[in-house]
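Subject: Handing over the model, with notes

Dear colleague,

I am passing this structure on to you, and below it you will find my notes. Please read them with the model open beside you.

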Amino acid sequence: MTITQNHALLDKNDDLTKLLNQVFPAQSEDWLQDIRQTAANWVNGSTIPTTSNEEWRFTDLSALRRVEFHSTGQLTSVDISALTLPEAVNSCLVFVNGIYAPDLSTVADLPPGVVVSNLANLSVSEQQNVKQYLAQAEGSKEVFTALNTAGISDAAVLWVGKNVIVETPIHFLFVNTASDQASIYQPRCLVVAESGSSVTLAEDFSFAAGGYTNSTKTEAVYFTNAVTEIWLGENAQVNHTRIGREGLEAFHVGKTAVTQFRDSRYTCHALTFGGKLSRHNLEIFQTGEQTETVLNGLTVISQKQLADTHSAIALNYPHGRSSQLHKCIIGDRARGVFNGKVFVPKPAQLTNAAQLNRNLLLSSKARVDTKPQLEITADNVKCAHGATVSQLADDEIFYLQSRGINETDARQLLINAFAGEIINQVPINSLQPLLFKIVNTLTSLTDG
């Protein structure tokens, strides 16, 4: 089964044409230029989705369309000390304003058979290997994915050879900085885990000024349009943590396209905190039997933020297993959106799939739109889905107060317990206290 995002076809596509003119790069390698041109042709026949499109009916992009974005093409000085991970101090690729920053990146002491590099610095033979996978995943004709492909100038590449076990986490850090004009950045990642390999990846989208921690700071307006393709060979394992902590005036649209071959295991921890408007499309394509997929998500937003998660899991073969838990903590006038689809066609007998969306509203004006979906035609499966929406329970707060805990701390303990079910599963230890700190900061700014 093929999963693609629908897009509205209108008489004019001026908004996309402007963006395409900003991101379409100069001539380069013939094979890469062909990929770009094919994607550009698709973009030219498309337009930015509107709320009349079923896949975007809860996410209004009109604010994005009102901003005229420019490609900066500038590498600026930035302090990333607060954004680095101790576990990945020697396995980190850094991109600043969409440009590879070699002085900030360090790759050392990795086992033989592992390549961690930007696209431009790959050898000729390595580029030939990349050519087989880059922009080849299902869903490449979704409009924002195609816009990213049309503008590829560089990419973060992680290649793990056959039967190689990588103990050290790999960190891809994409940092945006303040600018005098609204800017567009298009990060691109390619991860290939060959058969029998195993790797842990942290993918981090950050604003250098730490916009998510300060509700009064004037933020930079920018647009991050990110695409990550992950390919898992037979019996490969990828543990993926994706963190979105953009500035509070930023727009973020991200795609994660995962292709799983037989017996592979993919785990994703997707954590969204920043951005005026953010959207993450997470798409899983099973291409062999007995795959295992675990999707854990946490969205924490406040003020007038909008965060949208759309996932689609295509379990096309027998004995597939998938488990998804997505949680939202929403305060003030913020709005969360969750739409999760699981496809189980006739050939996918003995599939086991579970999906749950749980939402915690911290304000009477907070809102969530949730739509878990199962589309099943196989007749011998075990599948379940559900959604819950709740507020902090008064009796639980009262109980904690009766034990000498003040109301503010009691509320925070309950919020942390709700978020901890996701955060405590993040496999990089140094990230866990940082993520709790972000949750505490965002929820303490919320008006009940």
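Two residues are said to be in contact here when they have heavy atoms within 4.5 Å of each other, and helices (H or I, at least four residues) and strands (E, at least two) are DSSP runs, numbered from the N terminus. With those terms in hand, what covers the buried residues of helix H7 includes strand E13 (265-272), strand E15 (292-301), strand E17 (321-330), strand E19 (352-361), helix H6 (394-402) and helix H8 (431-444).

Before going further, please note that this is a predicted model, in which local features need pLDDT of at least 70 and side-chain atom pairs count only at pLDDT 80 or more, while totals for chains, interfaces and linings use all residues. Residues are numbered from 1 along each chain as its sequence is written, and side-chain values use heavy atoms, with hydrogens and water left out.

The protein as a whole

The secondary structure of the protein comes to eight helices and 21 strands. Its radius of gyration (taken over C-alpha atoms) is 21 Å, close to the 22 Å that the globule rule gives for 448 residues, so the protein is as compact as a globular protein of that length; the rule itself is 2.2 Å times the number of residues to the power 0.38. Taken along the principal axes, the C-alpha atoms fill a box of roughly 70 × 55 × 55 Å. Of the 448 residues, 59% count as buried, where buried means under 20% relative accessible area, exposed means over 50%, and partly exposed lies in between (1.4 Å probe, protein chains only). Among contacts between residues at least 6 apart in sequence, 84% join residues at least 24 apart. The protein exposes about 17900 Å², of which carbon and sulfur atoms supply 46%, the areas coming from the Shrake-Rupley method with a 1.4 Å probe, with only the protein chains shown counting as cover for residues.

Helix H7

Helix H7 covers residues 407-423, and its 17 residues should span 24 Å at 1.5 Å a residue, which agrees with the 23 Å between its end C-alpha atoms; the expected span of a helix is 1.5 Å times one less than its number of residues. The buried residues of H7 are Ala410, Gln412, Leu414, Ile415, Asn416, Phe418, Ala419, Gly420, Ile422 and Ile423.

At the N-terminal end, H7 is capped by Asn406, a side-chain oxygen of which lies 3.2 Å from the backbone nitrogen of Thr408. Glu407 is found in H7 and counts as partly exposed because its relative accessibility is 45%. Leaving aside neighbours within four places in sequence, Glu407 is in contact with Ile397 and Gln401; the C-alpha atoms of Glu407 and Ile397, 10 residues apart along the chain, are separated by 6.8 Å.

Gln324 in strand E17

One of the strands that cover H7 is E17, and Gln324 lies in that strand. Is Gln324 buried or exposed? Gln324 is buried, with a relative accessible area of 6%. Its side chain makes polar contacts of 3.0 Å with the side chain of Ser311 and of 3.0 Å with the side chain of Gln355. A polar contact is a pair of N or O atoms within 3.5 Å; within protein, one must be able to donate a hydrogen and the other to accept it, and residues adjacent in sequence count only if both atoms are side-chain atoms. Not counting residues up to four places away in sequence, Gln324 touches Leu295, Ser311, Ile313, Phe338, Ala354, Gln355 and Leu356.

Two loop residues with positive phi

Asn163 has a phi near 65 degrees, a positive value in a residue other than glycine, and its place is in the loop between strand E5 (156-160) and strand E6 (170-176). At 52% relative accessibility, Asn163 counts as exposed. Gln303, also not a glycine, has a positive phi of about 50 degrees and lies in the loop between E15 and strand E16 (306-314); at 29% relative accessibility, Gln303 counts as partly exposed.

With kind regards
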